[in-house]
Amino acid sequence: MSDNWPTAYVIDARIATSYHNNNKKNVLLIGKGKTFLKFGRKYGINPGFIVALMQKESQLGADGSFLTHYYNFAGITDPYGIRSTCPPVTYKNRQWACFVTIDEAIEAVFRVIDQPNYRNSDGTVLGITNIYSPSFENNTNEMLKIIEIVGRQLNIHLKPETQIYGNKSLVSKVVSRFKK
């Protein structure tokens, strides 16, 4: 685990704050800090960055959107090939993925950021954000600001130049073999 990773405790505290601030009773992600860390280790991705993405996309499941009812906390669309065992949700000409369990939904976000198009970037918060949320779709500066604020709340650095991939990632080793 990296020195710049949050603890399960601070992830849980950040999630609880999101629900408290949105006055939501549905506490789907409460107590899932250890799950974020588990998938962070599995994929070699800073779990704080995933928390920040989910904060931006759905206020960590507390925004009341229809997607969070399908455990889709990051606006994941079906074309990513993420396994889901429930029918996809169609809304506004987009097909959204839906998930059966909270853990499956959390892992799906890690799997998106683990794809080669992200891995082949420079691996920084800015590099990943430019792919995940290009400026023609969203306000990049606003997204970077949210990610940095969530990083501070998690007691870590998530600045534009911060690397989000860890050295222990098996996937990154496989990707680098194919680059040679």
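1. At 1.5 Å a residue, α4 with its 12 residues should span 16 Å, and its end C-alpha atoms lie 18 Å apart, which agrees. The expected span is 1.5 Å times one less than the number of residues. Helices are DSSP runs of H or I with at least four residues, strands are E runs of at least two, and both are numbered from the N terminus.

2. This is a predicted model: local features need pLDDT of at least 70, side-chain atom pairs count only at pLDDT 80 or more, and totals for chains, interfaces and linings use all residues. Residues are numbered from 1 along each chain as its sequence is written, and side-chain values use heavy atoms, with hydrogens and water left out.

3. Confidence comes next. pLDDT is the predictor's confidence in each residue, from 0 to 100. The chain has a mean of 85, and 81% of its residues reach 70 or more.

4. Is α4 mostly covered or mostly open? Mostly covered: 10 of its 12 residues are buried (under 20% relative accessible area, with exposed over 50% and partly exposed in between; 1.4 Å probe, protein chains only). Among them are Ile102, Glu104, Glu107 and Phe110. The buried residues pack against α2, α3, α5 and α6.

5. Ile113 belongs to helix α4. Its relative accessibility is 0%, so Ile113 counts as buried. Beyond its neighbours within four places in sequence, Ile113 is in contact with residues including Phe49, Leu53, Tyr118, Tyr132 and Ile164 (contact means heavy atoms within 4.5 Å).

6. The largest pocket has a volume of about 380 Å³. Of its 19 lining residues, Glu57, Gly75, Arg94, Tyr132 and Glu137 are the closest to its centre. A pocket is an open set of points on a 1 Å grid over the protein atoms alone, where a 1.4 Å probe fits, with protein on both sides within 12 Å along at least five of seven lines; lining residues have an atom within 4 Å of a point. Volume is the space filled by probe spheres set on the points.

7. The lining of the largest pocket divides into 10 nonpolar, 5 polar and 4 charged residues. Asp, Glu, Lys and Arg count as charged; Ala, Val, Leu, Ile, Met, Phe, Trp, Tyr, Cys and Pro as nonpolar; the others, Gly among them, as polar. Helix α4 (102–113) is one of the elements that each supply at least two lining residues.

8. The second largest pocket has a volume of about 150 Å³. Of its 13 lining residues, Glu57, Ser65, Leu67, Gly75 and Trp96 are the closest to its centre.
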